[in-house]
Amino acid sequence: MELKNKSLFEIKDLIDGGSVSSVEVTKYFLDRIEKFDSDLNSFIQVNPKALDEAKAADDKIKSGQKGRLLGLPVGIKDLLCTKDLQTTAASKMLEGFIPPYSATVVERLKQEGAIVLGKLNLDEFAMGSSNENSYFGSVKNPWNLEFVPGGSSGGSAAAVAAGLAPVTIGTDTGGSIRQPASFCGVVGVKPTYGRVSRYGIVAFASSLDQAGPLSRTVKDGALISEVISGFDQWDSTTSEREVPQWSASISGDLKGKKVGIVKEYMEAKLHKDVEAQLKRAIDSLKEAGAEIVEVSLPLSRMAIPVYYMVATSEASSNLARYDGVRYGYRASFEDRPAESVEEFYCRTRGEGFGSEVKRRIMLGTYALSSGYYDAYYKKAGQIRRLLAEEFNEAFKKADVLIGPVTATPPFKLGDRISDPLEMYLNDIFTTSANLAGIPGMSVPMGFSEQGLPIGVQLMSAAYSEQVMFDAGQAVEERANISTRLPDGY
Amino acid sequence: MISKEQILKIAQLARLSLTEEEEAQFSPQFSAILGYFEQMSEVDTSSVEPLITPTEMEFHWREDQSQNWEMGEKVAGQAPDHSGNLFKVPPVVG
């Protein structure tokens, strides 16, 4: 049975109808990983117990037990802790680390009956926009192996695009779900900050990080978002608000809804292929009945400096825990039995972290250091508040905002990796949603002239996700490419 | 401009040793990145309170209850070196 381009809902119906078992579905995807992933490098490790878990799910199905994801395989970004299964953050620092507990996101997926297929590749500690910073090697874009899949959740995006998993979990600190989703032609959802527990997720920038799904369809993304959202006693920043059943209510009919076009995004220098797809998406929303209005976010031009100051400052604090004492990498001290404790830390961290992680820890250390704090970290926080207020004003005029995900289509491996500032500028359209704490998603719209995918970004006000999913549904219906796979897959 | 001496000072504050290549690259890279970030000074932020987190920050009070936690050895087993539930470290001076 061909499952490679089926949605999660379609596979669920097949399992529920008894025409395929969880073991068969799981084996199908494990076989595809075996066959295709030596080229793509999207998985760091498959779960050696996946088939056992699928067998247990089949027993539950036979005994009449229910679960929203019962028997369905899910890939997990290797930034989320999985009990008794190696979790590396794609870093030498955590190679071989076996977590004693699972992230709340993983627990919730398993409570609904999901099978963990394996752990997906990423930029080290989720720091990167091309997946070229992984200790375990770059991930390739399945639409063209010479191109990057985006990052940091590059493995999560490439695996769904190539039909190696029906759905995966990523994390998004400044675009790390939405940008690779756009580059690989899949749906990617960054939830409202506070919807999804960060417990058990290797911390990068705690006021920005959120986990979310990458999937073939908007409705699949809505379902996974429902499962992983909700208050968690282990993360005090999660909201007690009720989680709506977005997937059950989803509708591509946008009559009576207002879609805001961000003036500054339309004036930005966009690649002609990106511009063309964005215009098609706006037309789709009009056809779906939406009224188009213009909104303005003047401070979005400051998104990159504000984001990188906040994110690196928080990272410099979060990554201070890697000290070579309690877990993770420790430099060898065989030939140098006694030295200073500072030297112990410096060598361990210097050898355990890759260059981009070091660069960001140091940028953050600088931004927080005496004499620079007011000009960098505090200033960024102040502009962040003003930007969040601009979004509040925009959402008085529009229910949902539409814009590009990136200014260009996917770029080639090696093209931007030597210039960190140029790489950071990739994130110009995605970082604002993290700074303001609002939800955002990327939905595939079409392809560049070179045949690489291009998505569009939709954003709604915090805790108003339904209208974002509805707009995504409208775009998806008109784009009509959700079952398409790259050649050869 | 961020000089090489400043780079080494920041690395020391962050407890990071750098490779020779990183030492050479970080100075021009930090100069370019921080130079670009200077544009933040264009925005008037007088009397604006920094936004530290977008969470709604509901405070959740709970009773402080003790619980048995029996993973001590399992957790210590993740350390580069351990003895029972204790972390072992090399001898250090200073």
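## Chain B: extent and burial

Of the 94 residues in chain B, 18% are buried. The coordinates discussed here belong to a predicted model. Chain B contains three helices and two strands, and its elements follow the order α-α-α-β-β from the N terminus. The radius of gyration of chain B is 23 Å, well over the 12 Å that the globule rule gives for 94 residues, so chain B is more spread out than a compact globule. The C-alpha trace of chain B spans about 55 × 45 × 20 Å along its principal axes.

One local feature of chain B concerns its backbone. Ser47(B) has a positive phi of about 65 degrees although it is not a glycine. This residue lies in the loop between helix 2 (20-37) and helix 3 (72-76) of chain B. Ser47(B) is exposed, with 6 other C-beta atoms within 10 Å, which places Ser47(B) under the limit of 12 or fewer that applies to exposed residues.

## The interface between the chains

Contact between the two chains involves 57 residues of chain A and 43 residues of chain B. On the chain A side, the elements that give two or more residues are helix 11 (303-318), helix 12 (341-352), helix 13 (355-368), helix 14 (374-397) and helix 15 (420-424). Helix 14 of chain A provides the largest share of this side, ten residues. By class, the chain A side comprises 29 nonpolar, 15 polar and 13 charged residues.

## Helix 2 and helix 3 of chain A

The axes of helix 2 (residues 22-40) and helix 3 (residues 50-62) of chain A come within 8 Å and cross at roughly 155 degrees. Helix 2 of chain A is therefore roughly antiparallel to helix 3 of chain A, angles over 145 degrees being counted in that way. The crossing of helix 2 of chain A with helix 3 of chain A is right-handed.

Helix 2 of chain A contributes Ser22(A), Val23(A), Thr26(A), Lys27(A) and Leu30(A) to the contact, while helix 3 of chain A contributes Ala50(A), Leu51(A), Ala54(A), Lys55(A), Ala57(A), Asp58(A) and Ile61(A). The contact of helix 2 of chain A with helix 3 of chain A has seven nonpolar, two polar and three charged residues. As a general point, an α-helix has 3.6 residues a turn, so residues three or four places apart point the same way.

## Enclosed helices of chain A

Eleven of the eleven residues of helix 7 (residues 218-228) of chain A are buried, so helix 7 is largely enclosed by the rest of the structure. Helix 7 of chain A is followed by Gly230(A), which has a positive phi near 120 degrees.

Helix 7 of chain A packs with helix 17 (residues 465-479) of chain A at an angle of about 155 degrees, the axes being 9 Å apart. These two helices of chain A, helix 7 and helix 17, are therefore roughly antiparallel to each other. Val218(A), Lys219(A) and Ala222(A) of helix 7 form the contact with Phe469(A), Gly472(A), Gln473(A) and Glu476(A) of helix 17. The residues of this contact divide into three nonpolar, two polar and two charged.

Helix 4 (residues 104-111) of chain A has six of its eight residues buried, so helix 4 is also largely enclosed by the rest of the structure. Its buried residues are Thr104(A), Val105(A), Val106(A), Glu107(A), Arg108(A) and Leu109(A). Their cover includes strand 2 (73-77), strand 3, strand 4 (167-172), strand 6 (210-215) and helix 7 of chain A. Just after helix 4 of chain A, Gly113(A) takes a positive phi of about 100 degrees.

## The loop between strand 3 and helix 5 of chain A

Glu132(A) lies in the loop between strand 3 (115-120) and helix 5 (154-161) of chain A. Glu132(A) is buried, with 22 other C-beta atoms within 10 Å. Not counting residues up to four places away in sequence, Glu132(A) touches Ser138(A), Val148(A), Leu413(A) and Ile417(A).

Phe125(A) is found in the loop between strand 3 and helix 5 of chain A. Phe125(A) has a positive phi of about 55 degrees although it is not a glycine, and it is buried, with 30 other C-beta atoms within 10 Å. The loop between strand 3 and helix 5 of chain A also holds Ser152(A), which is joined to Gly151(A) by a cis peptide bond with an omega of about 10 degrees.

Terms used. Residues are numbered from 1 along each chain as its sequence is written. Chains are lettered from A and ligands numbered from 1 in the order in which they are written. This is a predicted model: local features need pLDDT of at least 70, side-chain atom pairs count only at pLDDT 80 or more; totals for chains, interfaces and linings use all residues. A residue is buried if 20 or more other C-beta atoms lie within 10 Å of its own, exposed if 12 or fewer, and partly exposed in between; C-beta atoms are placed from the backbone. Helices (H or I, at least four residues) and strands (E, at least two) are DSSP runs, numbered from the N terminus. Two residues are in contact if their C-beta atoms, placed from the backbone, lie within 7 Å. Ala, Val, Leu, Ile, Met, Phe, Trp, Tyr, Cys and Pro count as nonpolar, Asp, Glu, Lys and Arg as charged, and the others, Gly among them, as polar. The radius of gyration is taken over C-alpha atoms; the globule rule is 2.2 Å times the number of residues to the power 0.38. Axes are lines fitted to C-alpha atoms, for helices over the stretch in contact, and angles run from 0 to 180 degrees between N-to-C directions. Angles under 35 degrees count as roughly parallel, over 145 as roughly antiparallel, 65 to 115 as roughly perpendicular and the rest as oblique. A crossing is left-handed if the near helix is turned anticlockwise from the far one by less than a right angle, and right-handed if clockwise.
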